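I opened this one to get my bearings before reading anything else about it. These are my notes, in the order I looked things up.

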Amino acid sequence: MAQQTTRSSDHFQLVISHCKEYGFVFGSSDIYDGLSAVYDYGPNGVLLKNALRNYWWKDMVQRHDNIVGLDAAIFMHPKTWKASGHVDAFNDPLIDNKDSKKRYRADVLVEEYIAKIEGKIQKDVDKAKKRFGDAFDEAQFRATNGNTLRRAKEIEDVTQRLKDALEQEDLGHFTALINDLGLSCPVSGSKNWTEVRRFNLMFHTQLGNISGEESKLYLRPETAQGIFVNFLNTINSTRQKIPFGIAQTGKAFRNEIVARQFIFRMREFEQMEMQFFVPPGSSPEHYAFWKEERLKWHHRLGLGEDNYRFHDHIKTAHYADAALDIEFRFPFGFKELEGIHSRTDFDLKQHEALSGKKLQVFDPVSNSHFTPNVIETSIGLDRLFLAVMCASLKEEILDSGQPRRVLSLPPALAPNHLAILPLVKKDGLPEIAKKIFQEAQLDVMCQYDDKDSIGKRYRRQDALGSPYCLTIDHDSLQDNQVTLRERDSMQQERVPIAEALDRVQKTTSLRSLYQ
Ligand code: GAP
């Protein structure tokens, strides 16, 4: 039995270096020392990313007959972003430290302060749990322990002030909050701050050779608007009726000021969004449905249900009347992975006003037109990739005392499903191995590898996350059987070739996630 080494604070660094070493993620334009917060996906990364996108797309579009797909352009008419509110309201509150010259998001600084207090409460709870064992009642402890109550009250007060500050047009409230909490710069340690200012996150460029505001194009900061402006086209060209959804995956761009944590916050990233159009008044019911439906989708990945939690927004975006995040336990704490938003009829009404086109549907029962409301599910593909990598990468100590690094990816998503390994590079073994390889390639992603010892090749496939290795040895020449090795258990079984391929195909199909 292998023992898993405890997850250390170095785990995140291990994930980053593993991504580079095994061809998952590279810094963009690496040979020029990279471009901040922009990344490229390597030969294995692109396969994993495609598999994750495919899992989302099939779940949304193939498994729901009331959701259709779309692939809208990145460039859109400039009025789109005026209508959506992004020109006027898509900005972050920023503050600079005058000594380190570092810039921070003011709301993130305050949220980190709150998280620190939460951490202290949790530490006390864990300590008490240890002390009292089975007799420990956590709810009672939280309701009565003096220190915990004082800290909970502080969290409540700071959260309320943060909410007020976010809602204020006057950013002075924000500056005051940072100063009152005595927050210091993580780099310089000083409390020498500027005022809080707002900064728009959209990148822009110019259309053709025309200059001026009219030709100012934005790189889309979300894919959602491509869906809203195609609402009429879609409903007119399909047989869909309200309620129905439109799903889309594609690149989005944000000039993030605080871009860090590898592919968690990037300037160019990919979103997978679905807008579900519903009759007015029914949003709460559909919001509740999509909240649970999306969580189930995450759980099917098998990364551990206690790694997810819901987080209700304390302040909703300008277009929403309710919003929550599905958070994932990254090595740097629980953070947003996906957003579920009740977007009201804001977007369709705004586009109707600016385009002059009626974006309504007819209700034969009431004999009148109405503007649908929208429930949105929005997940970042890169962030999902990071979540999967962080939860899957493990370092184990084998019974032999040897370390093993294994990427326990869900088999259906692995970049390579099967490695085909002739035991030696002679005696006719490569010939059979290549025949099996060509046969297996028709159904699953395969790699052929005949370099190094068999042990080294197994280790490499473990690190790549390949769920199976199929080894051809001298006996295979006689009995048509091969050794099938399973990645996580490392168990080896001798099976007929056809049975081995059949097993690999079944356990690596998307269907396996739904069983
Ligand atoms: N259409 C709604 C929308 O864009 P959002 O919460 O701003 O909502 C949705 O973004 C998801 O997109 C997030 O939950 C996250 O997974 C991903 N995302 C947002 N900004 C990102 C960034 N800078 N880098 C990587 N992923 C990002």
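**Entry 1: the ligand**

I began with the ligand, where one of its oxygen atoms sits 2.6 Å from an N or O atom in the side chain of Glu 336. I count a polar contact as a pair of N or O atoms within 3.5 Å; within protein, one must be able to donate a hydrogen and the other to accept it, and residues adjacent in sequence count only if both atoms are side-chain atoms.

A note on the source: this is a predicted model, so I take local features only at pLDDT of at least 70 and side-chain atom pairs only at pLDDT 80 or more, while totals for chains, interfaces and linings use all residues. Residues are numbered from 1 along each chain as its sequence is written, and side-chain values use heavy atoms, with hydrogens and water left out.

Back to the ligand: an oxygen atom of it lies 2.9 Å from a backbone N or O atom of Leu 337. I also found a ligand nitrogen 2.8 Å from a polar backbone atom of Met 266.

How much of the ligand's accessible area does the protein cover? I read 93% of the 560 Å² that the ligand has on its own (Shrake-Rupley method, 1.4 Å probe; for residues, only the protein chains shown count as cover).

Next I listed the shell, taking a residue as near if one of its heavy atoms lies within 4 Å. There are 21 residues around the ligand, and Glu 222, Arg 254, Met 266, Glu 273 and Glu 336 come nearest. By class I get six nonpolar, five polar and ten charged residues. For that, Ala, Val, Leu, Ile, Met, Phe, Trp, Tyr, Cys and Pro are nonpolar, Asp, Glu, Lys and Arg are charged, and the others, Gly among them, are polar.

Which strand gives the most to this shell? It's strand 14, with six residues. Helices (H or I, at least four residues) and strands (E, at least two) are DSSP runs, numbered from the N terminus.

**Entry 2**

Two strands pair if DSSP finds at least two bridges between them.

I then looked at strand 14 (residues 333–344) against strand 17 (residues 373–380): they are antiparallel, over six bridges. Ile 340 has Thr 377 in strand 17 as its bridge partner.

Strand 20 (residues 418–422) runs parallel to strand 22, joined by five bridges, and Pro 422 is partnered by Ile 472. Strand 22 (residues 468–472) and strand 23 (residues 481–486) are antiparallel, with four bridges. Strand 23 and strand 24 make a hairpin with five residues between them, and Met 490 in the turn has a positive phi of about 65 degrees.

A cis peptide bond joins Ile 242 and Pro 243, with omega about 0 degrees. Pro 243 is in the loop between helix 10 (231–237) and strand 10. Ser 29 isn't a glycine, yet its phi is positive, about 45 degrees; I found Ser 29 in the loop between strand 2 (25–27) and strand 3 (39–41).
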